[in-house]
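Biologist: I have not looked at this one before. Can you put it up and take me through it?

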Amino acid sequence: MDIEIIAVGGYNEVGRNMTAVRCGKEIVIFDMGLRLDQVMIHEDADIENMHSLDLIEMKAIPDDTIMNAVEGSVKAIVCSHGHLDHIGAIPKLAHRYNAPIISTPYTTELIRQQIAGEQKFGVNNKLFALKAGQRYTISPHLTLEFVRAQHSIIDTVFPVLHTPRGAVVYANDFKLDRTPVLGEPPDFARLRQIGKEGVIALITESVNIADKGRCPSERVARDLVRDTITSYEDDKSAIFVSTFSSHISRVKTIAECAHEIGRKPVLLGRSMERYSSAAEQLKLVGFPESLSMFGNRRTVDRTLRRIMKTGKDKFLPIVTGHQGETGAILTRIVMGDTPYKLEKGDKVLFSAKVIPNPMNYGQRYLVEARAKMAGVRIFDELHVSGHAYKEDHYEFLHLLNPQHVIPSHGDVGMTGEYAKFAEEIGYTLGNDLHLMRNGKSILIK
Ligand SMILES: [Zn+2]
């Protein structure tokens, strides 16, 4: 049976991930992601109402028109986790395939919300929630298995496609966190076993391959956040914390620290509310009972007014805006666009890293500069990454021992760096190690 790997998106950039694997006449698609910074540079972009071909033109979603030339029928669309660069193009592309969308329960809920917000296309693909550790029979030849992983969003898995020629492992994205704050560590025993059974190809992320050593555990981020917040037990000033709305374990850590120093955690912002309430409803997280959340502008402003009145030291708002995004809560507060007044000694903690592109740097600079003008103290990078470092990749390769390796999810600097690393440990470029570009494919012989 022929196995062909088709690089649709995410091989020239970080974002808009999509890879298709053809086994004989059957095709399985992994991820359909969005590249957000490509949308942001077109200020008037209103994604919900845009046509896929225009978004392809903008390089915001994968150019899946190349799938027309691939012979076979798509049997399943599989998403590894709920980040937008993995699910954000589902509303624009999935309806072109007569196939179910398979993902973990949390990811499935996020996909459901994405589809519900879509204005242009009717997406009627069946959504199937498969838990980590479970299998799904795609056809007599193909079985999908979800192996537990860890990343910066809950319910992330390594989708493993079992084919008659061995397993194809899709490792986009992951970290090998042995002491996660939420959920269990990756299923090392099962990964080792799959490695023994035989892996024909590994498609792996390469975002942090240039970072030496191992990616610090989420427990380290918890210590960083806790160390800072609990230092202000007797402080009367405001403490704001901004982090990724989708990073549920981090939000939980911050909320628990707030509780610990006697402040009520309050989640503010539409996406903050959306991701956390979905996680709570699926019982994937337990927050302190004192936690409340407000999404829309009216209730957010009302809450901020209440905090001003009741006392800044009674609350700890967890807010959107760590990238300085226009319209995010932190940005609006700093710009004086809410009933909340910043004062000397108020504190803003960033439990996030600036996503490296010039626009974010600029926007974030503006927010920090304005906050400092009001006398606000800034705490930066109380954060650890969700992506494997070099030694994690080393361990992972040795667990799986794949015949072929395909670095993905990165620009050529990252996938190239991965190729260099893989050559050092015995793979050969063009032989069993493949550098792909969007729109290219390789046949695994
Ligand atoms: Zn991710």
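**The zinc site and beyond**

Modeller: The site of the zinc ion is irregular, with angles of 92 to 171° among its 4 donor atoms. Keep in mind that this is a predicted model.

Biologist: Why irregular, with 4 donor atoms?

Modeller: Four donors count as tetrahedral only if all angles lie between 85 and 135 degrees.

Biologist: Which residues are the protein donors of the zinc ion?

Modeller: They are His-81 through NE2, His-83 through ND1, His-151 through NE2 and Asp-173 through OD. They lie 2.2 to 2.3 Å from the zinc ion.

Biologist: And how are the donor residues spaced in sequence?

Modeller: The spacing is H-x1-H-x67-H-x21-D. His-81 and His-151 are 70 residues apart, and the pair links distant parts of the chain. His-81 sits in the loop between strand E4 (73–78) and helix H3 (84–87). His-151 sits in the loop between strand E8 (143–148) and strand E9 (157–163).

Biologist: Are His-81 and His-151 buried or exposed?

Modeller: Both are buried.

Biologist: Where is Asp-173?

Modeller: Asp-173 is in the loop between strand E10 (166–171) and helix H6 (188–197). The peptide bond that joins Asn-172 to Asp-173 is cis, with omega at about 10°. Most peptide bonds are trans.

Biologist: How many of the lining residues are nonpolar, polar and charged?

Modeller: The lining has 11 nonpolar, 9 polar and 7 charged residues.

Biologist: Back to Asp-155. Where does it lie?

Modeller: Asp-155 lies in the loop between E8 and E9. His-151 is in the loop between those strands too. Asp-155 has a positive phi of about 60°, although it is not a glycine.

Biologist: Why is Asp-155 called partly exposed?

Modeller: Its relative accessible area is 22%. Buried means under 20% and exposed means over 50%, so Asp-155 falls in between.

Biologist: What about phi of Arg-16?

Modeller: Phi of Arg-16 is near 35°, a positive value in a residue other than glycine. Most residues other than glycine have a negative phi. Arg-16 is in the loop between strand E1 (3–9) and strand E2 (18–23). Arg-16 counts as buried because its relative accessibility is 6%.

Biologist: Switching to aromatics. How many aromatic pairs are in the whole structure?

Modeller: A search finds 8. One of them is Tyr-418 with Phe-421, an edge-to-face pair at 5.2 Å centre to centre and 75° between the planes.

Biologist: Why does 75° make Tyr-418 and Phe-421 edge-to-face?

Modeller: Planes over 60 degrees apart count as edge-to-face, so the 75° of this pair qualifies.

Biologist: How far apart are Tyr-418 and Phe-421 along the helix?

Modeller: They are 3 residues apart in helix H14 (residues 412–424), so about one helical turn separates them.

Biologist: Which residues do ring pairs link into a cluster?

Modeller: Phe-158, Phe-174 and Phe-396.

Biologist: Last topic, distances. How far apart in space are His-409 and Gly-9?

Modeller: They are 8.3 Å apart, C-alpha to C-alpha, and 400 residues apart in sequence. His-409 lies in the loop between strand E18 (404–408) and H14. His-409 is buried, with a relative accessible area of 0%.

Biologist: And Gly-321, where is that?

Modeller: Gly-321 is in the loop between strand E15 (315–319) and helix H11 (329–334). Its relative accessible area is 0%, so Gly-321 is buried. The C-alpha atoms of Gly-321 and Gly-195 are separated by 42 Å, and the two residues are 126 residues apart along the chain.

Biologist: What separates the C-alpha atoms of Glu-423 and His-247?

Modeller: They are separated by 34 Å, with the residues 176 apart along the chain.

Methods. Residues are numbered from 1 along each chain as its sequence is written. This is a predicted model: local features need pLDDT of at least 70, side-chain atom pairs count only at pLDDT 80 or more; totals for chains, interfaces and linings use all residues. Side-chain values use heavy atoms; hydrogens and water are left out. Donors are N, O and S atoms within 2.8 Å of the metal (3.2 Å for Na, K and Ca); water is not among the atoms, so sites may look incomplete. Four donors count as tetrahedral if all angles lie between 85 and 135 degrees; four count as square planar and six as octahedral if opposite donors are over 155 degrees apart and all others between 65 and 115; anything else is irregular. Helices (H or I, at least four residues) and strands (E, at least two) are DSSP runs, numbered from the N terminus. Buried means under 20% relative accessible area, exposed over 50%, partly exposed in between (1.4 Å probe, protein chains only). Ala, Val, Leu, Ile, Met, Phe, Trp, Tyr, Cys and Pro count as nonpolar, Asp, Glu, Lys and Arg as charged, and the others, Gly among them, as polar. Rings of Phe, Tyr and Trp (its six-membered ring) pair if their centres lie within 6.5 Å; planes under 30 degrees apart count as stacked, over 60 as edge-to-face and the rest as tilted.
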